There are 4 protein chains.
Amino acid sequence: MNKITLLIHCKDRPNIIASVTNFIAKEGGNIVYIDQHVDREQDIFFMRLESEFTAQSFSTDAFKESFKNNLVNGFDMKWRIYSSEVKPKMALFISKYDHCLYDLLGRYNSGELNLEIPFIVSNHLDLKPIADNFKIPFHHIPVTKDTKAEAEDKQLKLLEEHHIDFIVLARYMQIVSEKLITKYPNKIINIHHSFLPAFVGAKPYHSAYKRGVKIIGATSHYVTEELDAGPIIEQDVAHVSHTHSIKDLIAKGRDLEKIVLANAVKLHADRKVMVYNNKTVIFS
Amino acid sequence: MNKITLLIHCKDRPNIIASVTNFIAKEGGNIVYIDQHVDREQDIFFMRLESEFTAQSFSTDAFKESFKNNLVNGFDMKWRIYSSEVKPKMALFISKYDHCLYDLLGRYNSGELNLEIPFIVSNHLDLKPIADNFKIPFHHIPVTKDTKAEAEDKQLKLLEEHHIDFIVLARYMQIVSEKLITKYPNKIINIHHSFLPAFVGAKPYHSAYKRGVKIIGATSHYVTEELDAGPIIEQDVAHVSHTHSIKDLIAKGRDLEKIVLANAVKLHADRKVMVYNNKTVIFS
Amino acid sequence: MNKITLLIHCKDRPNIIASVTNFIAKEGGNIVYIDQHVDREQDIFFMRLESEFTAQSFSTDAFKESFKNNLVNGFDMKWRIYSSEVKPKMALFISKYDHCLYDLLGRYNSGELNLEIPFIVSNHLDLKPIADNFKIPFHHIPVTKDTKAEAEDKQLKLLEEHHIDFIVLARYMQIVSEKLITKYPNKIINIHHSFLPAFVGAKPYHSAYKRGVKIIGATSHYVTEELDAGPIIEQDVAHVSHTHSIKDLIAKGRDLEKIVLANAVKLHADRKVMVYNNKTVIFS
Amino acid sequence: MNKITLLIHCKDRPNIIASVTNFIAKEGGNIVYIDQHVDREQDIFFMRLESEFTAQSFSTDAFKESFKNNLVNGFDMKWRIYSSEVKPKMALFISKYDHCLYDLLGRYNSGELNLEIPFIVSNHLDLKPIADNFKIPFHHIPVTKDTKAEAEDKQLKLLEEHHIDFIVLARYMQIVSEKLITKYPNKIINIHHSFLPAFVGAKPYHSAYKRGVKIIGATSHYVTEELDAGPIIEQDVAHVSHTHSIKDLIAKGRDLEKIVLANAVKLHADRKVMVYNNKTVIFS
């Protein structure tokens, strides 16, 4: 049995749902999941659909071709079709903090994540032992002001060689360049340690402490050229009080960062996220 | 323009979505919302769909008839179709606690609730002034052991006269009888002041205090014959500590009760709740 | 029996707790509550203490005098002493939104708030009926650009005549002037409809919608001259998704605003809040 | 500099706080933390206090002796005094689930936990590699019906040899016997995967699924002879919906279990928990 996931968005107009579901029935598919959303401000229609095909002769490529010919033009759709059996490939970029790394690899090991991790990249060697324990290839690519462009070329080469689908910055402490962002649009997931848009940039826990907030947060978002301003995938917060020092906020925040990033990774890997107007539609 | 809401459930099998969406397209409808769920354990398919019809000649009754003839039998569907313009009629049963009453009437007044409140029933006179302030007819039907059956007949008469669609027990301190439950199956919403199934029955805050729990909760559910055991619509909790007395738990709990009940009422009034196997599917 | 609440803060140094508890024992008091905090960054000591005095001859004024003479100078303390029987007087400033007003008056009525509300002020007449229902004097003081100074003088006169202890801006849509703020430092409580410091200023729900955040929040803080930048008393958030329109965010936000403001009012009225460095210490 | 932590509870009566703080001042101590609680239902007084002593000659043992002679009898106190430098020793009991183990060891490694882990015990060999990676001695003590008593003797021997202060059952799937419980009263911490008192016993996620709850939870408690009925230290919940399968509940629950257990361990290790009447007072 074959199973595909279809994501579309286009200007809203009558009969999109009926046309798509009808097309799938004609192709011999049985829809097992359908969800849709209309942005009434912008008049944009979004849909996510999963369909099973029992015919031996089914081919995802042929289906894509047919979908393109029969539906895409009429509705001027943006669309993506995935074969549900093919797991996306995720590259992990890390630096010196280990909590998100442990968390993601623990989930990966337990089968919680529908993805593959061909390799881990770090600008430091500190966390190599963890990668080794989990038996994931580790590439040490140091980054200095002078070698930044060169380092990025090495990263890009690795990404291409391994046919990476998306990148996760698990507290990778470097700002990634326009070149990488352009190459992987809405495919680089970052975890920022504040409830954005508050406390953009460096040292958000210090800023939170100084402002005397009663909640701290974490935000996972796609990386865009503007710092910490990309489409938000997931956010969560925890309550704090005057008794918490900056060190306490950092410790409490680690728990938020782990869960928020893990949830964002799962949503992306399961192809449940659509991006438009610097916002996300999440079909969860 | 006419708009209908359709809710169906039936044994899962191929092509239900395509058949229904196809049928609606043929009837001239444009689907503006669709959501579905499959219970894989029980193999049951659920769907909620909203469709607009622009034809002058459209009639909800004719559509129902056509739906029944063309689709229901083939799939052995359980189904409900509502005209979206017709607001459901809700009867409020109260006793002496005013917090849920104030909360619901405040929301009603501000236009937050898609429903009508033809009347309020209480076994006490204490809260009549609030009903008067909000200009909602108030019926005082005292209940004693001896007059319980008689009181219920009066309630039933009122409910029928006003074509009531569903009943909300807003901290109504009486146990409603089998007769009423049978007449309004999955149409009587209660708010219980604990996170069910913990602390069933009377005085849950006292039990919570005694057990030393670190969270308290509230649960809104449909009333069935077994006490506090009906299908759960909504639940929420709040953190508490050893510093909270029973009185504190009750005060903190009031805030939970208000919001949990209000959310359940909204979900029901918007026809977003389906019930099966003593559980709910919530299309929110 | 007399009961007093004592709040102090001063530079941290040894033996503050022992000196104060010793002093109270000598004055014949029995300490029934004590809590303390040290800000290690700033080296400031904070304490809140409640003590009962059974002697017929006890006088709060005499106790204050003795406290001042025996302790304050030695430690260079900032201090406040309240007689626990005397409820603080709160003035409510409102405009056209009724949800926080209903919520606070409902709690006031049920005995949940340890305070008195001598009057309500509004720049509009819309909510007068609610004040009337709850039998609280309502003063209509319109505010226009030209009459702003004059209106404020009227407000100040009322505040003084009624010996008001603190002011609550329950979605009062006007910016209060420096004059009022200076007169009531850390005694004007505002509710802002975002998780500050995000979305300062007007229309935060619109900004939240535009940014595509996955949580919305509310913040209660003391009013200072810089807009929405005063010491934060309480914050809370709710999860939202792409399915929520701006109208939905506003409705969901109302529930946050009510609870966050009510909690801040309770904390302040119970003398549990201390302010320093534009932050709060909350002894809850 | 020496620092001690003092925990006391006794029948409530006047002047306890003044007497204790006075005593500590006389002994040359500077109180750096004080918190207290009175259970008004039971009339019991609780206090937690931290004090620093700068004198070279200070000895914790001598202080204990003096405390006992000067204060304990007069107030009939239950008391514990800890030298803050001495970290408690924790034994980890595990079985086949690795998520709580990874989580606790990750925190231990990062310096987040004020404790030592002399060894890990398991009835299975599966998780030995994780213990090895973190370089913590691992003891495999299989448990069968026939060898249960013998296995427990081995466990007890290990616990005694290593002067273990408390035991953490990190999803250890065995019921510990009366003998162990009696030996370590309120010193065995369990994590139960439901919001107790709901869903006591085996397979709580299955029961939660069947009941159709909208929240799931986790509870960390001290082990007593009655199953899942011991004093609750920490609880938390997560929202779920009809879309979650049992497998989803289990995965979501893992995140709760990790954090709830870690928080309980931290509170216990920091001597912030007091137990009475099968409930806890948490000075956090």
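**Figure 1. Buried residues of helix 3 in chain A.** In helix 3 of chain A, the buried residues are His99(A), Cys100(A), Leu101(A), Tyr102(A), Asp103(A), Leu104(A), Leu105(A), Gly106(A) and Arg107(A). The model shown here and in the other views is predicted. Helix 3 of chain A spans residues 99-109, and because 9 of its 11 residues are buried, the helix is largely enclosed by the rest of the structure. Gly111(A), just after this helix, takes a positive phi of about 85°.

**Figure 2. The contact between chain C and chain A.** Chain C brings 33 residues to this contact, and chain A brings 33 residues. About 2700 Å² is buried between the two chains, with carbon and sulfur atoms giving 57% of that area. Three residues, Arg211(C), Lys214(C) and His242(C), supply 26% of the area that chain C buries against chain A, which is more than any other three residues supply. Between chain C and chain A there are 20 residue pairs in polar contact, counting pairs with both residues at pLDDT 80 or more. The count of salt bridges between these chains is 0. On the side of chain C that touches chain A, two or more residues come from each of strand 2 (29-39), helix 7 (204-211), strand 11 (232-239) and strand 13 (279-282) of chain C. Strand 11 of chain C gives the most to this side, with 7 residues.

Figure 3. Most peptide bonds are trans. In chain A, Leu196(A) and Pro197(A) are joined by a cis peptide bond, with omega at about 15°. Pro197(A) sits in the loop between strand 9 and helix 7 of chain A. In chain D, a cis peptide bond joins Leu196(D) to Pro197(D), with omega at about 10°. Pro197(D) belongs to the loop between strand 9 (188-192) and helix 7 (204-211) of chain D.

**Figure 4. A nonpolar surface patch on chain A.** Ile175(A), Val200(A) and Leu227(A) make a nonpolar surface patch of about 280 Å². Val200(A) is part of the loop between strand 9 (188-192) and helix 7 (204-211) of chain A. With a relative accessible area of 44%, Val200(A) is partly exposed.

**Figure 5. Two residues with positive phi.** Most residues other than glycine have a negative phi. Asn278(C) is not a glycine, yet its phi is positive, at about 60°. This residue, Asn278(C), lies in the loop between strand 12 (273-276) and strand 13 of chain C. Its relative accessibility is 35%, so Asn278(C) counts as partly exposed. Arg271(D) is not a glycine either, and has a positive phi of about 50°. The loop that holds Arg271(D) runs between helix 8 (246-269) and strand 12 (273-276) of chain D. Arg271(D) counts as buried because its relative accessibility is 12%, and buried means under 20%.

**Figure 6. The surroundings of Glu50(B).** Glu50(B) is in strand 3 of chain B, which covers residues 44-53. The relative accessible area of Glu50(B) is 15%, so this residue is buried. Leaving aside neighbours within four places in sequence, Glu50(B) is in contact with Lys3(B), Ile4(B), Thr5(B), Asn30(B), Ile31(B), Val32(B) and Tyr33(B).

Key. Residues numbered from 1 in each chain as written. Chains lettered and ligands numbered in written order. Predicted model: local features only at pLDDT ≥ 70, side-chain atom pairs only at ≥ 80, totals over all residues. Heavy atoms only, no water. Patch = residues over 30% accessible without salt bridge, like charges linked within 9 Å, V, L, I, M, F, W, Y side chains within 5 Å. Areas by Shrake-Rupley, 256 points an atom, 1.4 Å probe, with all protein chains shown as cover. Salt bridge = Lys/Arg side-chain N within 4 Å of Asp/Glu carboxyl O. Helix = DSSP H or I, 4+ residues; strand = E, 2+ residues; numbered from the N terminus. Buried < 20%, exposed > 50% of the residue type's maximum accessible area, 1.4 Å probe, protein only. Contact = heavy atoms within 4.5 Å. Buried area = accessible area lost by both parts, 1.4 Å probe. Polar contact = N/O pair within 3.5 Å; in protein donor to acceptor, adjacent residues only side chain to side chain.
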